[in-house]
Amino acid sequence: MGLVWFWIVAVMLVAYVVLDGFDLGVGILHLFLARTEEERQLMLRCIGPVWDGNEVWLLAGGGTLYFAFPLVYASAFSGFYLALMIVLWLLIMRGCAIELRMQIPMGVWKSFFDGLFFFSSALLAIFYGAALANVIRGVPIQPDGYFFLPLWTDWRVGPQPGILDWYTVIGGLLALVALGLHGALYVAVKTEGELQLRARKAAGHLWIALLAFTMLSLPATVIARADMLSNYRNHPMAYIIPLVVVFSLLWIRYFSRSGADRNAFVCSCVFLSVMLIGAAVGLYPRLLPATTGSRNDITAENALSGPHTLHVGLLWWSVGMVLAAGYFIFVYRMFRGKVSLGGGGYEH
């Protein structure tokens, strides 16, 4: 059951990154792609019907982690307390920016919330990338299962790191660029005219940056955690994962340049998914590696809930996922196609 729940949690977090990732990407690019008030409204219309639903996957993933692996939930949520509070406030600010922007028809009011939308979206992407890099690098877990991380220490990877060091900064910037590209491709899918052309152009620039950061992150990961490739060596079929990463990245470029925006966006979804799956494969069975020695690692087995809890939970989780999948299919089909300023929504 440990393996099953490990991948359930991983899939839910992948779903959150792929779905809420383009929302964050739209926020990252909001100040740069839109030139007029109408275009800013269009960008908000791209995500208006779905952004809050997409964020539910973060809550569902956290709840599933708490249910299946209470030890890692308790350890991570106490050790990353400072970072989690920052993320919580950024999520609140981002929601306020989207919902309150059009409430008062004043330029300074709209400009303030435009800036807040960009600021919160960009920092969320950076913190999410840094969080994943922290998990890969490891944290200073003590024998009692707990740890504390300051925001930074000496910026080096070592037994007593901070949340931010050279490796986690690379992870944060990689996430910023990847989600920015994801958002640009989504805007290209949902819009027409000059805004669509600028989104494609931005995607081209971001693709070059993403290629550079992806190539940089691979050796950096091996330096930060030397045993990250152990599962790949033991199971050579896993090397298909980096091949899919490379090909999805190349197909993003090809489809975007040829104007096949929907195909390019699908390839971006594949890229993000497989990057995260590759990290999970490298980590398994560890959920939270320790920099204080492998004996302190929190693994899928030593953090697992009781067998009866897991079997009953699997039944109810399956029912919940069927309902959630049906809801998302309905919503995305209802709001498929290009956006416009007619018909109500986030322009009022």
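1. Start with the aromatics: Trp 57, Tyr 327, Phe 328 and Tyr 332 form one aromatic cluster. Rings of Phe, Tyr and Trp (its six-membered ring) count as a pair if their centres lie within 6.5 Å; planes under 30 degrees apart are called stacked, over 60 edge-to-face, and the rest tilted. That rule gives 22 aromatic pairs.

2. A word on what you're looking at: this is a predicted model, where local features need pLDDT of at least 70 and side-chain atom pairs count only at pLDDT 80 or more, while totals for chains, interfaces and linings use all residues. Residues are numbered from 1 along each chain as its sequence is written, and side-chain values use heavy atoms, with hydrogens and water left out.

3. Tyr 66 counts as exposed because its relative accessibility is 51%, and Tyr 73, at 24%, counts as partly exposed. (Buried means under 20% relative accessible area, exposed over 50%, and partly exposed in between, with a 1.4 Å probe and protein chains only.)

4. Trp 251 and Phe 255 make a stacked pair, 5.2 Å centre to centre and 25 degrees between the planes. Both sit in helix 10, four residues apart, about one turn of the helix. Trp 251 is partly exposed at 40% relative accessibility, whereas Phe 255, at 17%, is buried.

5. Gly 259, with a positive phi near 85 degrees, follows helix 10.

6. Buried in helix 10 are Ile 241, Val 245, Ser 248, Leu 249, Ile 252, Phe 255 and Ser 256. They cover an arc of only 140 degrees around the axis, so they lie on the same side of helix 10; the arc is taken from the directions from the helix axis to the C-beta atoms. The face turned away from that buried side carries the exposed Leu 243, Tyr 254 and Arg 257. What covers the buried residues includes helix 7 (166–190), helix 8 (193–224), helix 9 (230–234) and helix 11 (261–283).

Conventions: Helices (H or I, at least four residues) and strands (E, at least two) are DSSP runs, numbered from the N terminus. Contact means heavy atoms within 4.5 Å.
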